[in-house]
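Q: Please take a close look at one helix in this structure. Walk me through its surroundings, then step back to the chain that holds it.

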Amino acid sequence: MSPAAVRVVHYMNQFFAGLGAEEAAGHEPVRLEGPQGPGRGLTPLGLPVDVTLACGDDYFAEHEDPALATLLAWLEEEAPDVLVCGPAFNSGRYGYACGMLAREASRRGIPVVTAMFPENPGVIAAEGGAYVVPTTANVAGMKDALPVLAAIGVALAEGRDPGSPEEAGYLPRGIRRNEVVDRSGADRALDLVLAKLRGEAFETEVAPAFEVVPPASPVPDVSEALVALVSEAGCVPQGNPDHLVSRRAHAWLAYPIDGVASMSADAYETVHGGFDTTAGNADPNRLVPLDAVRRLETQGRIGRLHPTFYTTTGVDTPVASATRFGQEIAAELVNAGVQAVVLTGT
Amino acid sequence: MPRPGTISASPLTVAAFDVRAVREVRHGEGRVSRTPGDPLLEIDLDVVESLCSDEPALGSLRAHVVRPGDSVRIANVLDAVVPSVKADDPAATFPGVLGPADALCGTGRTDRLDGIAVLSTLDMGALIDPDDPIPASYVDMDGSGASLTPWGSTINLVLELVAAQGASLADVDAAARRTLLRAARDLASATAEDSDADTESVFALGEVAGELPVVVPILQFTAEGPGLTTYLRGAPVDLVSPCAVDPRALLDGALTAGAYDSPAARVSTGTIQRSRLLHRLLNEHGTALVCPGAVLTQGYLDDADDKRRMADGAAHIAAEELGADAAICTTYSLGNSHTDTMLTLRACEQLGVRAVGIVAEEGGLTDHVAEADALVSTGNVLERADGWTPASVIGETDHEAPAQVPVLHYLDAATQLGDGRLRGVTI
C-alpha cells in the first residue's frame with residue numbers, strides 16, 4: 001500500500017493521546033496532526049495515521065451528542081479511507097465512545113476498525129458497524145492487538161474485504177452476508193441429515209440470534225397508572241390517511257383517541273398484510289382493545305388512558321426497524337409519563 | 001384418479017434435449033421445430049402469441065426471446081417453466097391444468113428441453129391487492145443479478161401478458177398459468193421426431209433390500225387464494241392434512257406454481273421440475289438411502305392450532321406411513337411459514353425422525369425451536385446485488401427498481417427447496 005494513497009484517522013481517549021489521565025477526562029474533543037500514542041505503532045505496520053481525534057472519556061459520556069457532532073464533522077472534513085478507534089481494552093467509557101463513533105461513522109460510509117475487550121459495552125454500541133478486534137482486558141495486550149488492527153485497517157482502506165472473522169481475527173459482527181458455495185442447499189441438507197443419522201458431528205448453518213427481553217417490573221398500582229395502547233396490527237383511521245404500508249413498515253404512526261369510546265368499524269380499519277383482516281375490520285377493538293380499556297378506566301381499574309394510540313404493521317419488518325420503532329415509541333411514552341402499555345400483536 | 005400417495009412400480013424416464021440456440025421467426029403457420037440432433041430451436045413467435053386468443057381474461061400476449069448476457073431485465077415475473085411434454089400422450093402434460101387431473105404423471109416418458117425456459121410476466125400485484133403490492137419480481141439477464149436467479153443463465157421465451165380489462169384475479173391467474181404451461185408443453189413438442197436425447201434419466205422406486213436409512217422430503221407449499229397458491233394436479237394445495245406423494249410426479253409437472261409473493265423464497269414450477277433435492281433422493285434410492293415417497297404439507301397457516309396440526313400430521317406421515325428415519329423439511333416464502341417449518345422439525349424430532357430444515361434468512365432467522373439444530377441457509381434475502389442498469393425492461397411495470405436490488409426480488413434466488421448455492425454466513 002502506498003501511504004500517500006489512503007487517508008487514515010485514529011480516535012483515542014485523552015490518556016492515550018497524551019492529554020492527561022483522569023484529571024483530563026473532561027477534555028473536549030481535539031484534532032491533532034499525525035499519529036499519537038498507540039497510533040505511532042501503526043505506521044511500521046503499514047497504516048500511517050494522518051490525523052488523530054481525541055476526547056476525554058467523561059466529556060464524551062456526559063456530552064455525547066455535541067461530542068459526536070464535533071467528531072463526525074471533523075471526519076466529514078477529513079474523508080478518511082478508514083477510521084481506527086482504540087484499542088480501548090476493558091475501559092467502559094472509552095470503549096463506549098469508540099463504539100458509538102464507530103457506529104455513526106459506519107452509517108456515513110466510513111470503514112471502521114476498533115479493538116477492545118469482548119465484554120466491553122462498546123462492542124454492543126458499535127452495532128456491527130465496525131470490525132472489532134478482541135483484546136485482553138488491559139493494556140498488556142497492545143502489542144498483540146496492533147498488528148491485527150493494522151491488517152484489517154489496511155484492507156478496509158484499500159477497499160478490500162478483510163476476510164472472515166476467523167481468518168482476519170475480529171469478533172463476528174452479527175451481520176449475515178451471502179456467500180456462494182460449491183454445493184447446493186439440497187446437497188448440504190442431505191449431507192447434514194445423513195451425518196445426523198450416523199451420529200456424526202454436524203453443524204447448523206444458521207443459529208438463532210434473538211435478543212432476550214426481560215419482563216418489565218410490575219406496575220405498583222395500575223388503578224393510578226397512565227396506560228397506553230400500542231399495536232402492530234396495522235390499525236388506522238378509515239381510508240388510511242397517512243398511507244401506512246401493509247408490510248415491511250418503515251414507520252409507525254400515532255392517532256388521537258381522546259374522547260373516543262370504541263374503535264368502531266366505521267372509523268377504523270386494518271391494512272395489515274400478514275393475516276386475514278376480515279374479523280379485525282368487523283370489530284377493530286379486537287386489534288386495539290379500546291372498548292375494553294375504556295371500561296376498565298370507567299371502573300377505576302386503571303388510572304387513565306393515554307390520549308394517543310400508536311400503530312404500525314408488524315409483518316416482514318426487519319428486526320432493526322422494529323427495534324427502532326420500539327425505542328421511539330417508548331421514548332414518547334416515557335416523556336408522557338405512561339406507566340403501562342397494552343401491546344397487541346397479531 | 002390415483003391417490004396422491006400411490007407409488008407406481010413403473011419408472012419415470014426423463015429424456016433431456018439440449019437447446020443451445022434459438023431462432024425467432026414470424027410466419028404464423030408453423031409451431032416450434034428442432035432438427036433431430038441439432039441444439040437449435042426455431043420458435044414462431046406469432047404462434048406463441050396466438051395462445052392467448054382463446055383466453056378472455058387475457059388482453060394481450062407479446063412473446064420475446066432473451067439470452068444470457070442480454071442487457072435485459074424481466075420484471076413482474078410470475079413463473080418459470082422447463083419445457084416438457086409427456087412423449088406418449090402430449091395432451092396429458094401438466095395434469096389438472098392442461099391434461100386430465102387423473103392423467104399418468106411420474107411414470108412413462110417425459111421429453112424435456114434443457115437450456116431454455118418459458119417465463120410469464122404480468123402485473124399481478126395490482127390485481128391481488130393494489131394497497132398491498134407484492135414485492136417486485138425480476139430475472140436479470142446480465143449484471144450481478146443474473147447469477148442470483150437460475151433463470152438468468154437460460155435462454156428464455158418470455159410471455160409478456162396483460163390482463164383483460166375488468167377480468168377477475170382468479171380468471172387472470174388461471175389463464176396466465178394455463179397459457180404459460182401450454183407454451184412450455186408446445187415448445188417441448190419440438191422433440192416429437194427426435195429419438196436421441198442428450199441425456200436420459202430413469203427414476204424407479206422399487207423395493208429395496210438391506211438396511212438403508214429411510215429419508216423423506218417434507219415439502220411445504222401454500223394455498224392462500226388466487227395469486228398466492230401452489231397447485232397439485234390443478235387443485236390448490238389446500239390441505240386438510242398433509243399427504244404422501246410420489247416425488248417423481250412432482251418432477252413431472254403434477255405440482256405447478258401460482259404464488260407470486262417473495263420472489264426469492266417462493267418456488268417456481270421449473271424449480272420443482274428440476275429439484276435437486278428430489279433428484280438426489282431418487283438417484284440414491286436403493287444405494288445410499290431409501291426414499292419411499294415425499295410428504296406434501298402446507299405452510300403460512302393463520303391459526304396456531306392449524307400450524308400444530310399440520311406439523312404434527314406431516315411428521316406422523318413421514319414416520320408411520322413412510323417409515324422415515326430422517327426428513328428434510330423445506331420452507332415456502334418468508335416470515336409466518338418459518339414457524340410452520342420449525343414446528344414440523346420439532347414434531348419430527350419428537351417422533352424420533354432426525355430432521356434438517358432448509359430456510360432463507362431475513363438478516364437472520366424469523367423463528368426457531370431447540371429441535372432445529374441442523375438448518376441449511378439459502379441466503380439472506382435482504383442483501384443487495386451490485387448496481388446494474390438494463391438497457392431494456394420486459395414486463396408491464398410502473399415501478400422503477402432501486403439501483404441495488406435486494407436478493408428478495410430475484411426469482412428463486414434463495415429457494416428453500418435447496419436448489420441455489422447461496423448461503424448466509426455471519427461476519
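A: **A helix and its chain**

Buried residues make up 60% of the 427 residues in chain B. This is a predicted model. Chain B has 8 helices and 24 strands. The radius of gyration of chain B is 21 Å, close to the 22 Å that the globule rule gives for 427 residues, so chain B is as compact as a globular protein of that length. Along the principal axes, the C-alpha atoms of chain B fill a box of roughly 60 × 45 × 40 Å. Take contacts in chain B between residues at least 6 apart in sequence: 78% of them join residues at least 24 apart.

Now the helix. Helix H8 of chain B covers residues 336-350. At 1.5 Å a residue, its 15 residues should span 21 Å; the end C-alpha atoms are 22 Å apart, which agrees. Of those 15 residues, 11 are buried, so H8(B) is largely enclosed by the rest of the structure. The buried residues include Ser337(B), His338(B) and Asp340(B). Also buried are Thr341(B), Met342(B), Leu343(B), Thr344(B) and Leu345(B). Ala347(B), Cys348(B) and Glu349(B) are buried too.

What do they pack against? The partners, in chain B, are strands E14 (215-221), E19 (294-298), E20 (326-329) and E21 (354-361), along with helix H7 (304-321). After H8(B) comes Gly352(B), whose phi is positive, near 85°.

Next, the nonpolar core. The largest one has 151 residues, and Val216(B), Ala318(B) and Ala327(B) touch the most other members. Helix H3 (residues 169-188) of chain B gives the most to this core, with 9 residues. Leave out residues up to four places away in sequence, and Val216(B) touches Cys291(B), Pro292(B), Gly293(B), Ala294(B) and Val295(B), among others. Its contacts also include Ala318(B), Leu322(B), Ala324(B) and Ala327(B).

Last, the neighbouring chain. In chain A, 40 residues are in contact with 45 residues of chain B. Strand E7 (176-180) and helix H7 (185-198) of chain A are the elements that give two or more residues to the side that touches chain B. H7(A) gives the most, with 10 residues. That side of chain A divides into 20 nonpolar, 9 polar and 11 charged residues. The strands meet as well: 5 bridges join E7(A) to strand E24 (residues 422-426) of chain B, and the two run antiparallel. In this pairing, Arg176(A) stands opposite Thr426(B).

Technical notes
Residues are numbered from 1 along each chain as its sequence is written. Chains are lettered from A and ligands numbered from 1 in the order in which they are written. This is a predicted model: local features need pLDDT of at least 70, side-chain atom pairs count only at pLDDT 80 or more; totals for chains, interfaces and linings use all residues. Helices (H or I, at least four residues) and strands (E, at least two) are DSSP runs, numbered from the N terminus. The expected span of a helix is 1.5 Å times one less than its number of residues. A residue is buried if 20 or more other C-beta atoms lie within 10 Å of its own, exposed if 12 or fewer, and partly exposed in between; C-beta atoms are placed from the backbone. Two residues are in contact if their C-beta atoms, placed from the backbone, lie within 7 Å. A nonpolar core is a set of buried Ala, Val, Leu, Ile, Met, Phe, Trp, Tyr and Cys residues joined through C-beta atoms within 7 Å. Ala, Val, Leu, Ile, Met, Phe, Trp, Tyr, Cys and Pro count as nonpolar, Asp, Glu, Lys and Arg as charged, and the others, Gly among them, as polar. Two strands pair if DSSP finds at least two bridges between them. The radius of gyration is taken over C-alpha atoms; the globule rule is 2.2 Å times the number of residues to the power 0.38.
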